[in-house]
Structure formats: C-alpha cells, structure tokens
Amino acid sequence: MDFIDLQINGFWLFLYLSQVKTPIPVQAESPKGKSECYGVFCLTYDLKAEEETKSWKKLINIAVSGAAGMISNHLLFKLASGEVFGPDQPIALKLLGSERSIQALEGVAMELEDSLFPLLREVSIGIDPYEVFQDAEWALLIGAKPRGPGMERADLLDINGQIFAEQGKALNASASRNVKVMVVGNPCNTNALICMKNAPNIPAKNFHALTRLDENRAKCQLALKAGVFYDQVSNMTIWGNHSTTQVPDFLNARINGLPVKEVIKDHNWLEEEFTEKVQKRGGVLIQKWGRSSAASTAVSIVDAIKSLITPTPEGDWFSSGGDGDYELVKEVIFDDYLLSRIRKTEAELLAEKRCVAHLTGDVSVRKTKSGIAFCDLPEDTMLPGEM
Ligand SMILES: NC(=O)C1=CN([C@@H]2O[C@H](COP(=O)(O)OP(=O)(O)OC[C@H]3O[C@@H](n4cnc5c(N)ncnc54)[C@H](O)[C@@H]3O)[C@@H](O)[C@H]2O)C=CC1
Ligand SMILES: O=C([O-])CC(=O)C(=O)O
C-alpha cells in the first residue's frame with residue numbers, strides 16, 4: 001500500500017466510491033450455512049463479477065471485540081469506509097460482544113447494513129471468541145470491564161486478565177497464524193502480555209498494546225506550547241505503561257526537525273506540566289465528558305494500524321507497547337530524568353506482571369491459597385482515566 005494514497009485517502013475514496021455500482025449477489029446463502037452472519041451480509045458476492053471490483057485485493061477478516069462499545073461505534077465505521085486499509089481492500093467484520101451486549105451488537109450490525117459501505121462484504125456477530133476469531137487476520141481487542149466503584153486495581157487486573165487469557169487461547173486456536181493483535185481494553189499493556197502468553201503459536205511481535213492515543217495527546221500538547229501545527233511534531237515515544245506513570249519522551253521528540261528542548265526552552269514545563277498533562281489527559285476528559293475518550297481512541301487505533309501497514313516517513317518513528325521487532329529505533333537518547341521516569345513505569349509494569357502470573361503461566365511468582373498471584377501493586381498505579 002502506498003503511503004501517499006493513504007494521505008489523500010479521504011478525497012480519493014470519495015471519488016472512488018462514487019464510481020462503484022451495487023454488486024450483484026450471485027448466491028444467497030441460507031443463514032444456516034453461516035450461522036453468525038448478519039442480515040444483508042449473509043448474501044455472498046462474486047467480487048470479480050463487476051468491472052469496478054476486479055482490481056480489489058483479497059478480502060481480509062477483521063475481528064473486533066467490545067464491538068457494541070463506545071470506541072467501536074466510531075472505529076467500525078472507519079474500517080468499513082476504507083479509511084484504514086484502503087479503497088481497494090474489501091473487509092469482513094467479525095464482531096465479538098459479551099452476553100449482555102448481544103442485542104446492542106445486533107443494533108451495530110443493523111447500522112452497518114444501513115450504511116451501504118461497498119467495501120464491507122461480511123459482518124458476523126457472536127459471543128464465542130473461538131468462533132468469532134476464526135481466520136482473523138487482525139484482532140482489535142477493545143472489550144473489557146470498566147473498573148467499578150470500590151474495585152481494587154488488582155481485581156480489575158484479574159477480571160480483565162481472564163478475558164484476555166481466554167481470547168489469547170481463542171486466537172491461538174482459531175485465528176490466522178499471522179494475526180496482528182491490538183489490545184485496547186485496559187490495563188492494555190498487561191492484557192496484551194496475558195493475551196500473548198496464551199497464544200504461543202502466534203509470533204510475539206504481532207501483539208501490540210495501544211499507546212498511540214498517548215502519543216497523539218503528547219504531540220498535541222507540544223504543538224500547542226510551541227505554537228506550531230501538530231504535523232510538525234515527530235519522533236514521539238511513549239515509554240512504559242498506559243497509566244499515569246507513562247513517560248512521554250520529549251528528549252527524543254522533534255519539532256520542525258529540531259530537538260524539542262531547543263524549541264521549547266521552558267524545561268521545567270516539559271518535565272512537570274507537559275508530562276502530567278499527557279499522563280492525566282484521559283481522566284480530565286472523563287470529568288468533562290462523563291465518559292472516557294472514544295472517538296480519539298478510535299482515531300488512534302486507525303493511526304496505529306496505518307503505522308503498521310505503511311512505511312514510516314523517513315527519519316520518523318511511532319510507538320506501540322509490544323515485543324515488536326519491526327525495526328526497533330536505535331538512535332534514542334536517554335538522560336537521568338528520562339531514565340528515572342522509565343524505571344518507575346517499568347516497576348509498575350513488572351508489578352502488574354507479577355499480579356497476573358496465574359494467567360500467564362509464570363510459575364516463579366508467589367501465589368495465594370486460591371491460586372491467584374500475590375499482588376503488590378505500587379500505590380499510585382492508575383489508568384489515565386482515573387484521577
Ligand atoms: N488504550 C487506550 O488508549 C484506551 C483504552 N480504553 C479502554 O478500552 C476499553 C473499551 O472502552 P469503551 O469502548 O469506551 O467501553 P464500553 O464500555 O463502551 O464498551 C466495552 C464493550 O465491551 C463489551 N465486553 C465486555 N466484556 C467483553 C468480553 N469478554 N468480550 C467481548 N466484549 C466484551 C461490553 O459489553 C461493552 O459493550 C476499556 O477497557 C477502556 O478502559 C479506553 C480509552 C483509551
Ligand atoms: O481509563 C480509561 O478507560 C481511559 C483511557 O485509558 C484513556 O483515556 O487513556
């Protein structure tokens with residue numbers, strides 16, 4: 001896929017769609033044959049039958065969990081429009097919900113039907129990850145339980161950890177061997193670790209935790225302070241946990257190609273205000289909106305996917321929480337401030353890892369009588385949404 005194409009995607013897509021005729025269904029399969037397909041998506045089409053679709057790529061399967069949630073409500077329509085994978089990439093959406101959200105999931109499928117997206121060829125819905133993840137080439141794992149009142153963070157780690165342990169096993173059993181997994185549900189880093197450990201047959205480098213929203217938030221704050229448009233900010237890294245200990249790296253980031261510290265002379269602002277603003281952005285937004293970031297999270301998932309499927313602009317990089325070997329950037333610099341902050345967030349991640357040892361198969365960690373790992377989380381461990 002050509003990067004330039006994606007840059008002008010919105011415009012090109014509009015022109016392209018205006019030329020596509022409604023394809024002719026060649027075979028209407030009974031819903032029985034495809035037990036989970038939804039409504040109009042139970043019809044199958046011959047993509048090669050239409051002149052306009054002859055140049056299309058092979059259909060790809062995209063599984064999305066938490067598909068009836070707020071983030072998905074933005075993301076699914078971006079995926080189906082062609083904005084993410086391109087205007088010549090037909091897609092099948094495999095939507096995973098929880099038992100409680102199955103009605104809502106049908107509502108989502110109905111809205112997808114009514115949107116008449118030419119590239120959206122199949123939609124199936126279900127609550128069994130083993131079925132929904134069948135042959136998935138992408139798995140966007142968004143569904144998770146929010147932390148309820150009075151719930152300890154250790155409890156959240158365990159409850160959501162179990163979801164991601166099961167989904168890891170399901171991916172291992174059913175998904176494409178090269179499925180790319182993006183974990184969004186919080187605590188996303190540790191959930192990604194659990195998912196990866198439960199899917200030993202899928203390459204570890206294919207698992208990512210979404211830190212792109214933090215990267216975008218950091219770029220925005222630097223642009224605001226420097227008085228430049230945010231496309232002038234590059235080489236932004238988020239080190240560590242997607243939590244209030246995360247480290248937005250202003251030492252290596254650049255503004256107009258120059259080190260941030262040469263452009264923003266107020267270094268105290270960088271170390272204190274900027275860092276805290278990014279760490280707590282999610283929480284401030286929840287206070288204003290009464291719910292957590294959904295649209296901007298969906299946008300950041302799109303950005304993260306595009307970064308994985310298109311060449312990175314020369315000299316730039318992006319950050320993703322994962323065991324990636326995509327080509328790790330080598331020319332990163334560290335100073336005492338950055339190292340001390342990274343050590344703090346690293347300690348938090350290691351503590352979370354110990355807490356979920358019963359879900360990752362780590363036998364070296366002390367367990368309680370009930371078999372749950374002994375949990376010694378640092379006091380200040382908080383999601384960005386928690387203040
Ligand atoms: N990594 C990041 O940057 C961010 C992560 N998040 C996290 O994303 C997650 C989802 O957020 P929203 O869409 O706003 O939440 P939401 O509550 O609107 O939607 C979550 C959906 O997941 C479903 N669900 C729960 N357990 C499930 C399971 N086992 N399998 C499939 N579906 C399941 C629920 O029924 C619900 O429909 C939360 O954990 C949130 O903390 C939110 C913002 C940013
Ligand atoms: O805590 C949450 O659910 C929201 C979140 O991750 C964020 O806004 O970064």
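**Ground rules.** I number residues from 1 along each chain as its sequence is written, and I letter chains from A and number ligands from 1 in the order in which they are written. Since the model is predicted, I keep local features to pLDDT of at least 70 and side-chain atom pairs to pLDDT 80 or more, while totals for chains, interfaces and linings use all residues.

**Domains.** I looked up the division of the protein chain first. It gives domain 1 (37-47 + 56-209) and domain 2 (212-346), with bounds from an automatic or database domain assignment. Their centres, taken over C-alpha atoms, are 26 Å apart. I find 21 residues of domain 1 in contact with 20 residues of domain 2, where contact puts the C-beta atoms, placed from the backbone, within 7 Å. On the side of domain 1 that touches domain 2, α3 (70-81), β7 (180-183), α7 and β8 (207-209) each supply at least two residues. Helices here are DSSP runs (H or I, at least four residues), as are strands (E, at least two), and both are numbered from the N terminus. By class, that side of domain 1 has 13 nonpolar, 4 polar and 4 charged residues. I count Ala, Val, Leu, Ile, Met, Phe, Trp, Tyr, Cys and Pro as nonpolar, Asp, Glu, Lys and Arg as charged, and the others, Gly among them, as polar.

**Record check.** UniProt (unreviewed entry) places "domain: Lactate/malate dehydrogenase N-terminal" at residues 61-208. Such positions are in the numbering used here, feature names are shortened, and annotations may be inferred rather than shown by experiment. I get 41% helix and 19% strand over residues 61-208, with the end C-alpha atoms 18 Å apart.

**Helix pair.** I then turned to α6 (residues 153-174) and α7 (residues 188-197), which pack at about 35° with axes 7 Å apart. The axes are lines fitted to C-alpha atoms over the stretch in contact, and angles run from 0 to 180 degrees between N-to-C directions. Residues making the contact include Leu157, Phe164 and Ala165 of α6 and Ile194, Cys195 and Met196 of α7. I note 6 nonpolar, 6 polar and 1 charged residues in this contact.

**Ligands.** Ligand 1 is surrounded by 28 residues, the closest being Gly66, Gly69, Ser101, Gly143 and Ala144. A residue is near a molecule if its C-beta atom, placed from the backbone, lies within 6 Å of it. The shell around ligand 1 has 13 nonpolar, 13 polar and 2 charged residues. Where does ligand 1 lie relative to domain 1 and domain 2? Both domains give residues to its shell, so ligand 1 lies between them. Around ligand 2 I list Asn186, Leu213, Gly282, Ser292, Ser293, Leu383, Pro384 and Gly385. These comprise 3 nonpolar, 5 polar and no charged residues.

**Backbone details.** Asn186, one of the residues around ligand 2, is joined to Pro187 by a cis peptide bond with omega about -5°. Pro187 is in the loop between β7 and α7. Asp135, in the loop between α5 (129-132) and β6 (138-141), has phi near 60°, a positive value in a residue other than glycine.

Technical notes: Two residues are in contact if their C-beta atoms, placed from the backbone, lie within 7 Å.
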